[in-house]
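Hi,

Here is the structure for you to look over. My notes on what turned up follow below it.

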Amino acid sequence: MGLFNLFKHVDINAEVEAMKSIENAVLLDVRSKEEYSGGHIPGSKNVPVENIEKVADIIKDKDTPVYVYCLRGSRSASAVSAMEKMGYTNAKSIGGIASYKGETVIGSN
């Protein structure tokens, strides 16, 4: 990863749109269950970052494209790092829902 990529801003809105066109892609919210219930992106799955090992129960194929978000982007980056250690090859942190401009859903999935 180049130095410039380190500071590159990720646009969660563009990433969610891109994800919609990728077959079998999963949108993963790694915030707490309470945060998720308070409002999340439609179609997202919730696995809190502190329980990230449970992602294996939801996403069996470790080559599945996984788009990971949280509130501001730090927990999603941690979750992607942990998922890579678990063998996931296609997980990507897309930042935080705080910057998301699309529709959100209240309640659990």
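Among contacts (heavy atoms within 4.5 Å) between residues at least 6 apart in sequence, 69% join residues at least 24 apart. This is a predicted model, where local features need pLDDT of at least 70, side-chain atom pairs count only at pLDDT 80 or more, and totals for chains, interfaces and linings use all residues. Residues are numbered from 1 along each chain as its sequence is written, and side-chain values use heavy atoms, with hydrogens and water left out.

Confidence. pLDDT is the predictor's confidence in each residue, from 0 to 100. Its mean over the chain is 93, and 92% of residues reach 70 or more. Residues 1-5 stay under 50, and the model has one contact beyond four places in sequence for them. Where pLDDT is low, the predicted coordinates should not be read in detail.

Overall fold. The chain has five helices and four strands; these are DSSP runs (helices H or I, at least four residues; strands E, at least two), numbered from the N terminus. Their order from the N terminus is α-α-β-α-β-α-β-α-β. The radius of gyration is 13 Å, close to the 13 Å that the globule rule gives for 109 residues, so the chain is as compact as a globular protein of that length. That radius is taken over C-alpha atoms, and the rule is 2.2 Å times the number of residues to the power 0.38. Buried residues make up 39% of the 109. Buried means under 20% relative accessible area, exposed over 50%, partly exposed in between (1.4 Å probe, protein chains only).

Helix H5. H5 covers residues 74-85. Which of its residues are buried? Ser76, Ala79, Val80 and Met83 are. They lie on the same side of H5, because they cover an arc of only 100° around the axis. The arc is that of the directions from the helix axis to the C-beta atoms. The buried residues pack against strands E1 (26-29), E3 (66-70) and E4 (91-96), and helix H4 (55-58). Ser74 and Lys85 are exposed on the face turned away. Just after H5, Gly87 has a positive phi of about 105°.

Cores. A nonpolar core is a set of buried Ala, Val, Leu, Ile, Met, Phe, Trp, Tyr and Cys residues joined through side-chain atoms within 4.5 Å. The largest has 16 residues; Val68 and Met83 are among those with the most contacts inside it. E1, E3 and H5 are the elements that give two or more residues to this core. Apart from it lies another core of 10 residues, including Ile12 and Tyr100.

Best wishes

Key. Expected span 1.5 Å × (residues − 1).
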